[in-house]
Amino acid sequence: MSQSPDISVVVPVFDEEGAAPALAREIAAAFAGRRVEIIFVDDASRDGTRAALAALKAEIPQLRVLSHRRNSGQSRAIRSGVMAARAPVIVTLDGDGQNDPADGPALVEALLAGGPDLAMVGGERVRRQDSRAKKVASRLGNGVRKRLLRDTADDTGCGLKAFRREAFLRLPYFDHIHRYLPALMLREGYRVEFRPVGHRHRQTGRSKYTNLGRLWASASDLLGVMWLQSRSRLPQGVDEV
């Protein structure tokens, strides 16, 4: 790429050989005409995800493929992508194809129109294409989290987000941080907003999460984020004299 990109699209993937190539093409089409780089982070997949993406690099010159040597989880894959990104604005999507890349540019426009203190515009899924059990568990978890953290978010599980790279890198890192970005952005004194986005059926592969697994991780994560909130002291700005 002859010029630095304005937007870096970061997509974490694990065993998504069936979904990843089509998703990469959709992202390229959705952001056509913009200076964008597309970063897929393969979290040590056991299938042909990495090879399938690498084969697309000649077709999609904006595509970059990073690969973890050891499986480290979705949050670490997102962080690896953001660390490698060259643009000031990051867009994230889940790698299973359920997020529609066509919704990404609108989130970017809302972010850029909101001023420098708006750090993130998150997607909120409408007409979710998941099982009833998964939707009920998600609604319950989101309600508890929103009440305890006061993060104003109805759907932090949506992988489609646009945020400022600099703001993300200010946040304390821990596993599963991607589900707590609104609360952590607010903790740093930024504003966050949300926009409705579409949601699609998973066409290939299977979910890497279970309701019980999410519940187990969420309990300790919630306590940790509540502790971080209790230890925050904001200076309300910094002046040089």
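This is a predicted model: local features need pLDDT of at least 70, side-chain atom pairs count only at pLDDT 80 or more; totals for chains, interfaces and linings use all residues.
Figure 1. Helix α4, residues 104-113, lies across β1, β4, β5, β6 and β7. Its direction runs at about 150 degrees to that of β5. The buried residues of α4 are Gly104, Pro105, Leu107, Val108, Ala110 and Leu111. The elements that cover these buried residues include helix α1 as well as strands β1, β4, β5, β6 and β7. An α-helix has 3.6 residues a turn, so residues three or four places apart point the same way. After α4 comes glycine 115, with a positive phi near 90 degrees.

**Figure 2. Surroundings of leucine 107.** Leucine 107 belongs to helix α4. The residue is buried, with a relative accessible area of 2%. Not counting residues up to four places away in sequence, Leu107 touches Val121, Gly123, Leu160, Lys161, Ala162, Arg195 and Val197. For the pair leucine 107 and valine 121, the separation is 14 residues in sequence and 6.0 Å in space, taken from C-alpha to C-alpha. Valine 121 in turn stands opposite alanine 162 of β6.

**Figure 3. The seven-stranded open sheet.** The strands follow the order β3-β2-β1-β4-β6-β5-β7, and their pairing is mixed. Strands β3 and β7 (191-197) stand at the edges; each has a single partner strand, so one side of each is left without a neighbour in the sheet. From one strand to the next, the twist averages 20 degrees. Helix α1, residues 20-30, packs on the sheet and touches β1 and β2. The angle between the directions of α1 and β2 is about 165 degrees.

**Figure 4. Strand β6 and its two partners.** Strand β5, residues 118-125, pairs with β6 in the antiparallel sense over three bridges. Within this pairing, glycine 122 stands opposite lysine 161, and valine 121 stands opposite alanine 162. Strands β4 and β6 also run antiparallel and are joined by four bridges. Valine 89 has arginine 164 of β6 as its bridge partner. Both faces of β6 are covered. Lys161 and Phe163 are buried on one side, and Ala162 and Arg164 are buried on the other.

**Figure 5. Helix α3 and its cover.** Helix α3 comprises residues 74-84, and its buried residues are Gln74, Ser75, Ala77, Ile78, Arg79, Gly81 and Val82. Among the elements that cover them are the strands β1 (7-13), β2 (36-42), β3 (63-67), β4 (89-92) and β6 (161-164). Helix α6 (165-169) also contributes to this cover.

**Figure 6. The second largest pocket.** This pocket has a volume of about 250 Å³. Its lining consists of Pro88, Pro116, Arg164, Arg165, Glu166, Ala167, Arg170, Glu188, Gly189 and Tyr190. Helix α6 supplies the largest share of the lining, three residues.

**Figure 7. The largest cavity.** A search of the whole structure finds one cavity of 30 Å³ or more. The largest cavity has a volume of about 30 Å³. Met120, Gly122, Gly123, Asp155, Thr156, Cys158, Lys161, Pro182 and Phe194 form its lining. Strand β5 provides the largest share, three residues. The lining has four nonpolar, three polar and two charged residues.

**Figure 8. Two loop residues with positive phi.** Aspartate 15 is found in the loop between β1 and α1. Phi of this residue is near 55 degrees, a positive value in a residue other than glycine. Aspartate 15 is buried, because its relative accessible area of 15% is under 20%. Alanine 44 lies in the loop between β2 and α2 (49-54). Alanine 44 likewise has a positive phi, near 55 degrees, and is a residue other than glycine.

Notes. Residues are numbered from 1 along each chain as its sequence is written. Side-chain values use heavy atoms; hydrogens and water are left out. Buried means under 20% relative accessible area, exposed over 50%, partly exposed in between (1.4 Å probe, protein chains only). Contact means heavy atoms within 4.5 Å. Two strands pair if DSSP finds at least two bridges between them. Axes are lines fitted to C-alpha atoms, for helices over the stretch in contact, and angles run from 0 to 180 degrees between N-to-C directions. On a 1 Å grid over the protein atoms alone, a cavity is a set of points where a 1.4 Å probe fits but cannot get out, and a pocket is an open set with protein on both sides within 12 Å along at least five of seven lines; lining residues have an atom within 4 Å of a point. Grid points are joined across faces, edges and corners, and a volume is the space filled by probe spheres set on the points. Ala, Val, Leu, Ile, Met, Phe, Trp, Tyr, Cys and Pro count as nonpolar, Asp, Glu, Lys and Arg as charged, and the others, Gly among them, as polar.
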